[in-house]
Amino acid sequence: MTELRLQLIDTARRMAGAGLNRGTAGNVSVRASDGDGGGEGFLITPTGMAYDALASEDVVFMRLDGSTEGRRKPSSEWRFHRDLYLDRADAGAIVHAHSPFATSLACLRREIPPFHYMIARFGGDNLRCAAYATFGTQALSDAVLQAIAGRRACLLANHGMLVFGDDLGQTFDLAVELETLCEQYWRSCQLGEPVLLDAAEMRKVLARFGSYGQQA
């Protein structure tokens with residue numbers, strides 16, 4: 001599991017360079033199994049530690065029952081990571097960030113409508129904003145599960161963004177894509193009301209995304 005720990009640290013460090021995070025904000029996790037027989041769970045970044053200072057031993061292994069192994073405490077947001085892994089078999093890794101444009105829209109408590117066809121990459125014709133709840137609480141986790149149903153991402157009201165994918169690489173790419181879409185939507189709104197794609201067109205796009213990026 002050492003290699004997976006290092007991949008998680010690398011992903012967390014890349015967030016700053018991609019404009020997704022600053023300081024110790026945000027968190028990253030990846031689904032994992034405890035090689036010592038402790039069962040299924042996930043690795044997650046520790047709370048309050050600078051990503052550049054992380055060593056493999058600082059990454060926390062958390063079981064799906066909420067118990068942990070390691071010398072550090074997990075991110076304060078471990079609940080929505082745990083609950084997403086329990087609820088969504090397709091979640092292999094999760095990125096939560098306070099990126100500028102996603103957070104700006106989240107502070108307006110706006111969902112992102114189908115202003116661009118790439119919205120479909122996240123599984124639907126819009127991206128919802130989860131209802132506000134205090135960070136680190138079960139109430140926030142419950143709101144996340146509701147907002148992300150049928151999707152691979154959502155905004156968190158007055159907070160930030162949340163994305164999951166098959167693995168760390170895909171999840172990081174999706175987080176960058178989401179922040180890009182948020183910036184494009186924000187900029188479009190400065191000029192007026194964006195023209196939205198209709199439901200019929202989004203159904204076509206969603207069908208095409210069933211094989212998007214796959215090589216023969």
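The model considered here is a predicted one. Arginine 109 belongs to the loop between H3 and E6, and just after H3 it takes a positive phi of about 60°, in a residue other than glycine.

Most residues other than glycine have a negative phi. A second case is asparagine 158, whose phi is near 55°, again a positive value in a residue other than glycine. Asparagine 158 is found in the loop between E7 and E8, and with a relative accessible area of 35% it is partly exposed.

## Helix H3 and its packing on H5

The buried residues of H3 are Phe101, Ala102, Thr103, Leu105 and Ala106, and they pack against strand E6 (129–130), E7, E8 and H5. Two packed helices are described by the angle between their axes and the distance between the axes. For H3 and H5, the axes come within 7 Å and cross at roughly 60°, and the two helices are therefore oblique to each other.

The crossing of H3 and H5 is left-handed. On the H3 side the contact is made by Pro100, Phe101, Ala102 and Leu105, while H5 supplies Glu179, Cys182, Glu183, Tyr185, Trp186 and Arg187. Sorted by class, the contact of H3 with H5 has seven nonpolar, no polar and three charged residues.

In soluble globular proteins, nonpolar side chains tend to be buried together. Here the largest nonpolar core has 43 residues, and those with the most contacts inside it are Ile112, Leu155, Met161, Leu178 and Cys182. Two or more residues each are given to this core by helix H1 (2–17), strand E1 (27–34), strand E5 (93–97), helix H3 (100–107), strand E7 (153–156), strand E8 (160–165), helix H5 (168–191) and helix H6 (199–208). With eight residues, H5 gives the most to this core.

Methionine 161, leaving aside its neighbours within four places in sequence, is in contact with Leu20, Val95, His96, Ala97, Ser99, Ala102, Cys154, Leu155, Leu156, Ala175, Leu178 and Glu179.

## Isoleucine 94 in strand E5

Isoleucine 94 lies in strand E5, and at 0% relative accessibility it counts as buried, the cut-off for that class being under 20%. Leaving aside its neighbours within four places in sequence, isoleucine 94 is in contact with Asn27, Val28, Ser29, His81, Leu84, Tyr85, Leu162, Val163, Phe164 and Thr171. Isoleucine 94 and arginine 152 are 58 residues apart in sequence, while their C-alpha atoms are 9.6 Å apart in space.

## Helices H2 and H4

Helix H2 (residues 78–87) and helix H4 (residues 138–147) pack with their axes 9 Å apart and at an angle of about 40°, which makes H2 oblique to H4. The crossing of H2 and H4 is right-handed, whereas that of H3 and H5 is left-handed.

From H2, the residues that make the contact are Arg79, Phe80, Arg82, Asp83, Leu84 and Asp87, and from H4 they are Gln138, Leu140, Ser141, Val144 and Leu145. By class, the contact of H2 with H4 has five nonpolar, two polar and four charged residues.

Terms used. Residues numbered from 1 in each chain as written. Predicted model: local features only at pLDDT ≥ 70, side-chain atom pairs only at ≥ 80, totals over all residues. Heavy atoms only, no water. Core = buried A, V, L, I, M, F, W, Y, C linked by side-chain atoms within 4.5 Å. Buried < 20%, exposed > 50% of the residue type's maximum accessible area, 1.4 Å probe, protein only. Helix = DSSP H or I, 4+ residues; strand = E, 2+ residues; numbered from the N terminus. Contact = heavy atoms within 4.5 Å. Axes fitted to C-alpha atoms, helices over the stretch in contact; angles between N-to-C directions. Parallel < 35°, antiparallel > 145°, perpendicular 65-115°, else oblique. Left-handed = near helix turned anticlockwise from the far one by under 90°. Nonpolar A, V, L, I, M, F, W, Y, C, P; charged D, E, K, R; others polar.
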